[in-house]
Amino acid sequence: MNTRFASPKLVSMAEKRVRLLQQLARLYGVQTVYYDALGGRRQVAPHSLLAALRALGAPVTGPADVPGALRERRQEAWRRCCEPVTVVWDAGPAHLELRLPAGQAEGRAVCRLELENGNTRCWTCEPARLPVSRAAEVEGVRYVVTRLVLPSGLPWGYHRFTLALPTGGGESLVVVAPRQAYPFPAGRPARTWGVFIPLYALHSARSWGAGDLTDLEALLRWVGELGGGLVGTLPLLPTFLDEPFDPSPYAPVSRLFWNEFYLDVTRIPELERCPEAQQLLSSPAFLKDLAALRAAPLVDYRRGMAAKRRLLEHLARCCFAGDSERQAELRRWAAAYPAVEDYSRFRAAVEYRRATWPRWPARMRSGVLREGDYEPDAARYHLYVQWVAHEQMQALAAETRRSGPGLYLDLPLGVHGAGYDVWRERAAFALEAAAGAPPDAFFSQGQDWGFPPLHPERIREQGYRYYIACLRHHLRHAGVLRLDHVMGLHRLFWIPRGLTAREGVYVHYHAEEFYAILALESHRHRTLLVGEDLGTVPRYVRTAMARHKVHRTYVLPFELPPPPGKTSRPVPADAVASLNTHDTPPFAAFWLGRGAAGQEAVLKSLRRKGWLPSSADDTGAVLGACLAYLAASRARIVLVNLEDLWLETAPQNVPGTGEAYPNWRRKARYPFEALCRMPEVLEILQIIDHLRRKWNGGRGRKPWRRLPG
């Protein structure tokens, strides 16, 4: 509407409609204004707000529906007796709020609290006698908000509270949790270091053209011998490696299972008693395939997975043939993890129909699979490989937790929209939107990541069942867990279907509920949490991370040199410090791409800090100075990208390039047998280990003569 020539009355009506729309958006947790990467204020357009509200399930098709939807939303909020989730911090008061119509506050209520351990506590109360914190009148009905005190001394865990009133009631999941996440493991050094490399890139003479879990075990052992405390890699979750094909570790089929691509087939017990598999493994054609996979400059996921699957299918058939103790073990494991058989049937159905679930018939789309929808052998194959992956991951994690460096695993923000999790847990996702990021200096049009975001209200109504399951899948094995895009605990940028990333909106989540779950689960599994908080992150996110002891991510090139007129910020103590991430160039590429002026500014900064002698300015010397600076800092963990140590310039991933760049496919330049003996690699890791062990708060003599270059 052109308001230039409109009457004041029409303008007033238009403004009123916009105000009502903004009120409705805020009631659904949708931000109507946000600040971009440059600090500019962005007002969200009405059509974007309407699209986001529809994606959230609001009954609006256009502006005319807004007043009715606003009334309904207000009534819905007050008609809810209690919130679906209540957080109780272990050192704080245990209570929950009740919202009741004034008439329902009369009489006696029955309270029941079912503890996670099976015990039950019951009592009665009179809501009219409870202290009133506030009152309101909504559509002619007067409501009061009262505070109900829960029994004291509740144990950590997930407890179910139910309130029964003569004319209604409600229930809430009561999460009793420590306020802070698990601290660094007792008995481990206060400051430690580790290395990072994608597992697919970590190849060896024995692996099949890409790294596997035995290669990861060898790397863990080698880092431990050098004094390191952890090894980090990208997500190890299943991906589509045939039709459809999407090898991105950040678009997994599921966050509840492992990727059989990383199995070491030669360590599977069935191989010893499976003649068909032994014959295939030693056949000239198979050996020729392996030689080609090893010689290829890039990881060939299709061919590599096809070769591995041929062998795994033989092993699966041998396991399921007849009765054996191994088969009995598999059956017991599957009974303990019932979702695995459902997942296996899903994967088999995708293969049988050569189509993803959005293109299936209605019955199958709705989550019902029957005999004839998939090949039974394929379902047994997927069940078998998940069991074997569980065994190999469990053995690896047990060894690291007992004596060696910890596993640093990565929990991605989302899952593939055509994958298992979205199919089975559909109610937990907002299918009419995609997660992404608003425009910034690097992506002027914003980013559409393509996967559906979690629905902020429906996951609460489910008691965060799916999210907890994803966490536990990783925490069973991780010494450290990285939380991808940690800002998503607070708010996430949604792109409603049919809109561009420039038209997206921020949708808020219940952050304290996420932090309670994270703190509780991290203590139960004794795992340290790290949040990826890079980019445009509101200050309140890092404040909450500090309050709950979720470690930060610190990337030195983003800090050097400081802006003109400012001093560089010290490395935070509660951080994982590094020189790059999987989405940024390796250090050598960063350094060579800065140009003479940029390089000079960094050199001056390093020399002013005392980490680089005036005579050294080559790339290797600057790399060594930066890593030494981090190693001597207060950072809890220093994570070294192995590829930086031989001055690699090719990145593993270039966001936004699609098929134009071989993302997630580039092998490390050197096989493991070579890189673990390279003098330049060993020397700088030994220096890092020395500084991590001996340095105290960055004070003392700078070890110039020990730095490379």
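These questions and answers cover a helix pair, a sheet and the cysteines of a predicted model.

Author: This is a predicted model, where local features need pLDDT of at least 70, side-chain atom pairs count only at pLDDT 80 or more, and totals for chains, interfaces and linings use all residues. Residues are numbered from 1 along each chain as its sequence is written, and side-chain values use heavy atoms, with hydrogens and water left out.

Reader: What makes the contact between H7 and H11?
Author: Contact means heavy atoms within 4.5 Å. On H7, the residues include Met305, Leu312 and Phe320; on H11, Tyr381, Leu383 and Trp387 are among them. By class, the contact has 12 nonpolar, one polar and three charged residues. Ala, Val, Leu, Ile, Met, Phe, Trp, Tyr, Cys and Pro count as nonpolar, Asp, Glu, Lys and Arg as charged, and the others, Gly among them, as polar.

Reader: What makes S21 and S22 the edge strands?
Author: The open sheet has eight strands in the order S21-S18-S15-S12-S11-S24-S23-S22, with parallel pairing. Strand S21 (528-531) and strand S22 (552-555) each pair on one side only.

Reader: How do you know that S23 and S24 pair?
Author: Two strands pair if DSSP finds at least two bridges between them. Strand S23 (residues 575-578) and strand S24 (residues 637-641) have two bridges, in the parallel sense. Ala577 stands opposite Val638 in S24. Helix H19 (residues 619-631) packs on the sheet, touching S22, S23 and S24.

Reader: How do you know that Cys274 and Cys318 form a disulfide?
Author: A disulfide is a pair of cysteine sulfur atoms within 2.5 Å. The S to S distance of Cys274 and Cys318 is 2.3 Å. A search of the whole structure finds one disulfide.

Reader: Which hand does the disulfide have, and why?
Author: The torsion about the S-S bond is about 65 degrees, so the disulfide is right-handed. Cys274 lies in the loop between strand S14 (245-246) and helix H5 (275-281), and Cys318 in helix H7, so the pair ties together parts 44 residues apart in sequence.

Reader: Why is Cys318 called partly exposed?
Author: Buried means under 20% relative accessible area, exposed over 50%, and partly exposed in between (1.4 Å probe, protein chains only). Cys318 has 24%, so Cys318 is partly exposed. Cys274, at 0%, is buried.

Reader: What makes Cys676 count as buried?
Author: Its relative accessibility is 14%, so Cys676 counts as buried. Cys626, at 2%, also counts as buried.

Note on methods: Helix = DSSP H or I, 4+ residues; strand = E, 2+ residues; numbered from the N terminus. Axes fitted to C-alpha atoms, helices over the stretch in contact; angles between N-to-C directions.
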